[in-house]
Amino acid sequence: MSALQAVVTLLLCGQLLAVETGSEATVDDSCPEPPKIENGYVEYLVRYQCKPYYTLRTCGDGVYTFNSKKQWINKNIGQKLPECEAGGY
């Protein structure tokens, strides 16, 4: 996988999923579930980033958490996804 490809890494249901733009997700079963802590929980999240020369356009911060309804949600803009626009640098 080249450094120029947009990569989103998701930690979902205890498995690491690597999603490369334009391809299917692959599951890496060797990623262990995070250790549990007393009186706490694991928050699954993803942060979107853009390729070089593109800028992330969003009203939020690009961070999405996985909620109890099995939806990826941004605290500022809900389910709306950010976009990568050319000309950012």
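Asn-74 touches Gly-60, Asp-61, Gly-62, Val-63 and Tyr-64, not counting residues up to four places away in sequence; contact here means heavy atoms within 4.5 Å. This is a predicted model, in which local features need pLDDT of at least 70 and side-chain atom pairs count only at pLDDT 80 or more, while totals for chains, interfaces and linings use all residues. Residues are numbered from 1 along each chain as its sequence is written, and side-chain values use heavy atoms, with hydrogens and water left out.

**Asn-74**

- Asn-74 sits in the loop between E7 and E8; strands (E, at least two residues) and helices (H or I, at least four) are DSSP runs numbered from the N terminus.
- With 1% relative accessibility, Asn-74 is buried (buried is under 20% relative accessible area, exposed over 50%, partly exposed in between, with a 1.4 Å probe and protein chains only).
- Its side chain comes to 2.7 Å from the backbone nitrogen of Asn-76.

**The sheet**

- An open sheet is built from 3 strands in the order E4-E6-E7, with antiparallel pairing; two strands pair if DSSP finds at least two bridges between them.
- E4 and strand E7 (72-73) are the edge strands, each pairing on one side only.
- Strand E6 (residues 63-66) and E7 are joined by 2 bridges, and Phe-66 stands opposite Trp-72 in E7.

**Aromatic pairs**

- There are 2 aromatic pairs in the structure (ring centres of Phe, Tyr and Trp, the last by its six-membered ring, lie within 6.5 Å; planes under 30 degrees apart are stacked, over 60 edge-to-face and the rest tilted).
- Tyr-48 and Tyr-64 form an edge-to-face pair, because their ring centres are 5.4 Å apart and their planes stand at 90°.
- This pair links distant parts of the chain, 16 residues apart: Tyr-48 is in the loop between E4 and E5, and Tyr-64 is in strand E6.
- Tyr-64 is buried at 0% relative accessibility, whereas Tyr-48 is partly exposed at 26%.
- Phe-66 and Trp-72 make a tilted pair, with ring centres 5.0 Å apart and planes at 50°; Phe-66 is partly exposed at 23%, and so is Trp-72 at 22%.

**Cysteines**

- The whole structure has 1 disulfide, a pair of cysteine sulfur atoms within 2.5 Å.
- Cys-50 and Cys-84 form this disulfide, with an S to S distance of 2.1 Å.
- The disulfide is left-handed, because the torsion about the S-S bond of Cys-50 and Cys-84 is about -90°.
- Cys-50 lies in the loop between strand E4 (45-47) and strand E5 (54-57) and Cys-84 in strand E8 (residues 83-86), so the bond ties together parts 34 residues apart in sequence.
- Cys-84 is partly exposed at 40% relative accessible area, while Cys-59 is exposed at 72%.

Notes
Polar contact = N/O pair within 3.5 Å; in protein donor to acceptor, adjacent residues only side chain to side chain.
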